[in-house]
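Please read them alongside the coordinates.

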Amino acid sequence: MHPFSVEPPSPAVGRPATRPPWGWLALLCAAELGTMVTFASYTAAQPLLQRAWDLSAAQAGAIFAAQQAGYTVAVVVLSSLTDVVGVRRVYLASAAWNALAAALFGLGAAGFLSALLLRALIGVGLAGTYMPGMRLVAETFPAHRRATALGLYVAGFGAGTALSLFVSGLLLPLGVRRMFLLTALGPALALLLAWGAVRDPVRTAAPRRPAFRAALRNAAALRYIGAYAAHNWELFGMRAWLPVYLAALWSAQGLALPEATRLATSVGSAVLLAGAISNAAGGWVGDRLGRRATVVLVLSASAACSAAIGWLLPLGPGVVLPVAVVYGLLVTAESSTLSSAVAEHAPPGALGTTMAVQSALGFIATILGPALFGLLLDRAGWGWAFLSLAVAPLLGAALVATAGSFGQQAERSAPR
């Protein structure tokens, strides 16, 4: 047995299919990509909007954080509601909401306050698709394949972020408003794909209300939820600001801001895509090395990248870009392993509610991380701003590493 491994509790997820349905997972991931097309559209246009609307870095970060705030508030309701009404209705309604809110942003955003409100509405739509889809994957796949399957699904989030950034940058020459309107077509397409893919498995009688008390008393799962929040602090701070950092990098090389922004979105999308690939690989590692070891090792390594990259801007692209690629590979690699551990500790009948707590606490970190980054950037520069992202994953690694004396841990390894 691996030194990190202990006997696991029985998972509280649904009965898995006899054969893992990888084709179904591919269709669900395709729908996820569609919902994600709106995710980074603001990030792609942020340098241009910051100048056009005369925003400070803190205000620009707050607009991105508003999307995460909308997500956080909504996911508590929508993810826990899947315990009561099932996933399908929540998912389809949320995909339609995402498309509508994204179109409204393209038509109506005209400054700080309107952008703040409309990005929050986009976050609401994302909340009702991502975690409910993750629930279906966790219920469908057996324990020894669960982290691998979740790795592929969560990789869709990273790939969708990269796709959103790339497509948005590609459409920017058409004008900022047209770009926002065209990216709203992504969740509309996702709605069509999800209509055939999202089906609720057969369950026992559904509870009348979400079981928040059971979820919040589940101390073993809360340890991994805390590490997930730390992971999100770093990940979303990096996703929000790395493209802006790269634009500053090429501006320092003498490029005009529009050209530097387009180049930054292209390279930034490649870095984020690298993270999507590592997420899938990280789930495979988590099924074999164990949940706890994978989380501790990856969080520690990504924290080192956060601590270093902000100080490297004066050294130019030849130094910054290789570090950025490694950063992109590490910053997402443990996400599916964390989600597997949380799902495996969920009480019976409370999987959706437990995942709602996970996502809510995790996405509170996505509000605070980018906003604090912007404040530090205004006052102290890139080095200290990125250093603020390193503290959280180190705390998360310590939280999981010290869990050995704290009850039973969800350690899944594939049969040797």
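Is W311 buried, partly exposed or exposed, going by its relative accessibility? W311 has a relative accessibility of 42%, so W311 counts as partly exposed, where buried means under 20% relative accessible area, exposed over 50%, and partly exposed in between (1.4 Å probe, protein chains only).

1. Basis of the values. This is a predicted model, in which local features need pLDDT of at least 70 and side-chain atom pairs count only at pLDDT 80 or more, while totals for chains, interfaces and linings use all residues. Residues are numbered from 1 along each chain as its sequence is written, and side-chain values use heavy atoms, with hydrogens and water left out.

2. The tryptophan pair. The model has 17 aromatic pairs, a pair being two rings of Phe, Tyr or Trp (its six-membered ring) whose centres lie within 6.5 Å, with planes under 30 degrees apart counted as stacked, over 60 as edge-to-face and the rest as tilted. The ring centres of W311 and W384 are 5.5 Å apart and the planes are at 80°, so this pair is edge-to-face. Distant parts of the chain are linked by the pair, since W311 is in the loop between helix 13 (291-309) and helix 14 (317-330) and W384 is in helix 17 (residues 382-401), 73 residues apart. Helices here are DSSP runs (H or I, at least four residues), numbered from the N terminus. W384, at 48% relative accessibility, likewise counts as partly exposed.

3. Aromatic cluster and charges over rings. One aromatic cluster is formed by F39, F64, Y130, Y153, F157 and F236. R239 lies over the face of F236, a member of that cluster, at 5.2 Å from the ring centre. The charged end of R88 sits over the ring of W195, 4.8 Å from its centre. For such a contact, NZ of Lys or CZ of Arg has to be within 6 Å of the ring centre and within 35 degrees of the ring normal.

4. The largest cavity. There are three cavities of 30 Å³ or more in the structure, a cavity being a set of points, on a 1 Å grid over the protein atoms alone, where a 1.4 Å probe fits but cannot get out, and lining residues being those with an atom within 4 Å of a point. The largest cavity holds about 70 Å³ of space, and among its 13 lining residues, Y130, F157, L235, R239 and S335 are the closest to its centre. The volume is the space filled by probe spheres set on the grid points. Helix 7 (143-171) and helix 11 (219-252) each supply at least two residues of this lining, and helix 11 gives the most, with six. By residue class the lining of the largest cavity has seven nonpolar, five polar and one charged, where Ala, Val, Leu, Ile, Met, Phe, Trp, Tyr, Cys and Pro count as nonpolar, Asp, Glu, Lys and Arg as charged, and the others, Gly among them, as polar.

5. The second largest cavity. What lines the second largest cavity? Its lining consists of M36, F39, Q67, Q68, Y71, G123, L126, F157 and F363, around a volume of about 40 Å³. Helix 3 gives the most to this lining, with three residues, and the residues divide into six nonpolar, three polar and no charged.

6. The model has one salt bridge, defined as a side-chain nitrogen of Lys or Arg within 4 Å of a carboxyl oxygen of Asp or Glu. The side chains of E139 and R135 form this salt bridge, at 3.3 Å from N to O. Because E139 and R135 are four residues apart in helix 6 (residues 130-140), about one helical turn separates them, and both E139 and R135 are buried. G133 is also placed in helix 6 and, at 0% relative accessibility, counts as buried.

7. A backbone angle to check. Most residues other than glycine have a negative phi. D54 is not a glycine, yet has a positive phi of about 55°. D54 is in the loop between helix 2 (41-52) and helix 3 and is exposed, with a relative accessible area of 67%.

Definitions and conventions:
1 Å grid on protein atoms, 1.4 Å probe; cavity = no way out; pocket = protein on both sides within 12 Å on 5 of 7 lines; lining within 4 Å.
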